[in-house]
Amino acid sequence: MLGVFDIFKIGIGPSSSHTVGPMRIARRFLEEARADGSLDKASRIRIDLHGSLALTGVGHGTDKAAILGLLGFSPETTDPDEAEAAFQNAKQAQEITLHGGKTIPFDAKRDIDLRGDVTPTMHPNEMYLVLLDSADKPIFEQTYYSVGGGFIASAKQLSTPAEDDLISRPRQGRHFFGSAEDLLALCQDKNLSIDEVILENEDDNRPRFETETMLDQIWFAMRDCIDRGLKTHGVLPGGLEVKRRAHSLYQKLQEAPLANEREQLFDWLNVYAMAVNEENAAGGRVVTAPTNGAAGIIPSVLKHYCASDGTTNLKHIRKFLLTAAGIGILYKQRASISGAEMGCQGEVGVACSMAAGGLAAVWGGTPAQVEHAAEIGMEHNLGLTCDPVGGLVQIPCIERNAIGAVKAVNAARLALRASEEHKVSLDQVIETMRQTGIDMSRKYKETSEGGLAVNVVEC
């Protein structure tokens, strides 16, 4: 079983699969090379980015993330300003001090090759790294994959045949579930809510107070990201000249406190989600929820319904996050949360589904109602493409998070007010998402080769 903190991870923008994953890959490669005894013999390192990592790599900061990983940066602890200074210094010096202390020549233009012409077979986000000796001969090489949400895997891991989860998979936690049907059966048999099932699984990994502290830290990181986004104005980096809008929208909302509450509901959800995703687009500190490209939906809904009146209800926030994580685990285990595999239905669609289920739980929904809310949240995102203009996580990604937050709230309301048993299950909609992602043209899966990415003229 995956856990809550596999789904929610603190990192930096703009992309969990193209920034967080490659940073972790580069660092892991050096650790494996050191264990192999090859690192001390290296005179040069080369990195080839294939597939989606190459096609949208510059706009997503993949080249920068790879260098930061070689320098020893970790997404969970990276300060964006410190990382930017280290990146610029490495580029200007044309040498790099690898994680572990060895300094070698390094020219990013020569040593990082964006091979968009290579179409990977195992996963669209492929990264090949090789250490070379003084004669420019390979002495250690590995191929890795960034598989969405900051998760990474080696070629060996992805090529190993999957074993029957119910029989052979090591379990982290007392409650194993391989489907939403399993999860609902657990809730009924044990008389537990979904968040209680997930929390008891976490209890088998650490003391409960530590889990609660970690959940609070996830929320604090989300809250701080919203606050930074609301305070910051200007133009986002990357060349599209996209202006930040959250700051001015927030000011207008504050100037009209007596406006119709129902009318302003969308405005508040919009501004919170956009604040997060503008921070993400600027390379700021965000929480993968479950990815960076979809990082604004859950914080927006949490902020508005659990922390908007000057007080913060940590009990509700924990319940929300635990429930949402349980839903996210199902998507990760049964399909994918990678935009390069599923399109944006695997990012914004999954985040919408998670937020809908979390909010339904906070509003007192039964496990069946939570499952229904999560199903509605995805059902109306099926087929959503990933076509970032200019390879940047800005258009349509920022607004798409705002729309996703509103959809999530509506999905929760519909589920709690449903008078009859629903016809479509969460398991069915997850499988439909998976099949749709497989059938979807490569152009619409984070390659910037189709959709808005080719029909919007970059200015």
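## The second largest pocket

Helix 5 (80-93) gives six residues to the lining of the second largest pocket, the largest share. This is a predicted model, and the pocket's volume in it comes to about 580 Å³. Helix 2 (16-36), helix 4 (62-71) and helix 13 (261-281) also give two or more residues each to this lining.

In total, 32 residues line the second largest pocket, and K64, E84, P237, A282 and G283 lie nearest its centre.

## Two cis peptide bonds

Most peptide bonds are trans, but here are two to look at in the backbone. The bond from G13 to P14 is cis, with omega near 10°. P14 sits in the loop that runs between strand 1 (9-12) and helix 2.

The other cis bond joins A289 to P290, with omega near 0°. P290 is likewise a loop residue, placed between strand 9 (285-288) and helix 14 (297-306).

## Two positive phi angles

Most residues other than glycine have a negative phi. Q94 is not a glycine, yet its phi is positive, about 55°. This residue belongs to the loop between helix 5 and strand 3 (95-97). Q94 has 45% relative accessibility, so it counts as partly exposed.

S448 also has a positive phi, near 60°, and is found in the loop between helix 20 (426-439) and helix 21 (452-455). Is S448 buried or exposed? With a relative accessible area of 17%, S448 is buried, because the cut-off for that class is under 20%.

Technical notes. Residues numbered from 1 in each chain as written. Predicted model: local features only at pLDDT ≥ 70, side-chain atom pairs only at ≥ 80, totals over all residues. Heavy atoms only, no water. 1 Å grid on protein atoms, 1.4 Å probe; cavity = no way out; pocket = protein on both sides within 12 Å on 5 of 7 lines; lining within 4 Å. Points joined across faces, edges and corners; volume = space filled by probe spheres on them. Helix = DSSP H or I, 4+ residues; strand = E, 2+ residues; numbered from the N terminus. Buried < 20%, exposed > 50% of the residue type's maximum accessible area, 1.4 Å probe, protein only.
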